[in-house]
Amino acid sequence: MVHPLDIKKKALENNIPIMQDEGIAFIVDYIQKNNVNSILEIGSAVGYSAISFALAKDNVKVTTIERDLERYQEAVFNIQSMGLEDSITILNEDALEVSISSKFDLIFIDAAKSQYIKFFEKYRNNLNDNGVIITDNLSFHGMVEDITLTHNRNTKQLVGKIRAYIDFLKNNSEFDTEFFPLGDGISVSKKKNNE
């Protein structure tokens, strides 16, 4: 049996982006305290975070989407090695093209940062009434707060898109968002009660 720490170690050795410990701990704690039973994850990578969420408490069901075939195959292997096939459904699809009709208590966005607004808009209707959308990497290694940390044009453009997403969340009339300086920067967006 593979241990989550083995998955983490291998991912880090191969430069595969996985969630930082603080971020994982925050979401696992959220799942446990807020009776989260169904999760949609956009961006599986090698399945590390999906496995962590599925192990957070009994009866959690995770649906996770990974576009990259090699990462998808490794995630399938890791999920099976952990004996979590009944808890985790993984789809080898493009998250912007796949059609999902189910509703979820928690939607976790951790895929292509340049597409964060599109992911949010596409999947917000898949959220249960009291559900949340959690997004990772909003600090992007500190570059969002301090653009001088990067001199690469592509990275600067990406930082601009993350900043635009943060503004999108702050100005969203349908959701209230809290920002947490944990891991690589996390946001938790909850539907407003428009009563």
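Here are some notes on how this predicted model is put together, going from the whole chain down to single residues.

1. **The overall layout.** Start with the big picture: the chain has six helices and seven strands. Reading from the N terminus, the elements come in the order α-α-β-α-β-α-β-β-α-β-α-β-β.

2. **Size and packing.** A compact globule of 195 residues would have a radius of gyration near 16 Å, and the chain has 16 Å, which agrees. Along the principal axes, the C-alpha atoms fill a box of roughly 45 × 45 × 30 Å. Buried residues account for 50% of the 195 residues.

3. **Who touches whom.** Take the contacts in the chain with a separation of 6 or more: 64% of them join residues 24 or more positions apart. Keep this in mind when you look at the single residues further down.

4. Helix α1 covers residues 4–13, and its buried residues are Pro4, Ile7, Lys8 and Ala11. Why do they sit on the same side of α1? They cover an arc of only 100° around the axis, which puts them there. On the face turned away from the buried side you'll find the exposed residues Leu5, Lys9 and Glu13. And what do the buried residues of α1 pack against? Their partners are α2 (21–33), α3 (48–54) and α4 (69–81).

5. Leu5 and Tyr48 are 43 residues apart in sequence, but their C-alpha atoms are 8.9 Å apart in space.

6. **The largest core.** In soluble globular proteins, nonpolar side chains tend to be buried together. In this model the largest nonpolar core has 33 residues, and Ile27, Ile31, Ile39, Val62, Ile88, Leu106 and Ile134 have the most contacts inside it. At least two residues of this core come from each of α1, α2, α3, α4, β3 (88–91), β4 (104–109), β5 (127–135) and β7 (186–191). Which element gives the most? That's α2, with six residues.

7. If you leave aside neighbours within four places in sequence, Val62 is in contact with Ile39, Ala50, Phe53, Ala54, Ser87, Ile88 and Thr89. There is also a second, separate core, which has 27 residues and includes Ile133, Val144, Ile166 and Phe168.

8. **Leu55, in between.** Leu55 belongs to the loop between α3 and β2 (61–65). Is Leu55 buried, exposed or partly exposed? With a relative accessible area of 46%, Leu55 is partly exposed. Apart from neighbours within four places in sequence, Leu55 is in contact with Pro4, Met82 and Leu84. Leu55 and Leu84 are 29 residues apart in sequence, yet 8.7 Å apart from C-alpha to C-alpha.

9. **A buried asparagine.** Asn78 lies in helix α4 and counts as buried at 5% relative accessibility.

10. Most residues other than glycine have a negative phi, and most peptide bonds are trans. Against that background, check these spots. Just after α1, Asn15 takes a positive phi of about 55°. Asn35, in the loop between α2 and β1 (38–42), has a positive phi near 50°. Ala45, in the loop between β1 and α3, has a positive phi of about 55° although it is not a glycine. Are Asn35 and Ala45 buried or exposed? Asn35 counts as exposed at 53% relative accessibility, whereas Ala45 counts as buried at 11%.

Notes: Residues are numbered from 1 along each chain as its sequence is written. This is a predicted model: local features need pLDDT of at least 70, side-chain atom pairs count only at pLDDT 80 or more; totals for chains, interfaces and linings use all residues. Side-chain values use heavy atoms; hydrogens and water are left out. Buried means under 20% relative accessible area, exposed over 50%, partly exposed in between (1.4 Å probe, protein chains only). Helices (H or I, at least four residues) and strands (E, at least two) are DSSP runs, numbered from the N terminus. The arc is that of the directions from the helix axis to the C-beta atoms. Contact means heavy atoms within 4.5 Å. A nonpolar core is a set of buried Ala, Val, Leu, Ile, Met, Phe, Trp, Tyr and Cys residues joined through side-chain atoms within 4.5 Å. The radius of gyration is taken over C-alpha atoms; the globule rule is 2.2 Å times the number of residues to the power 0.38.
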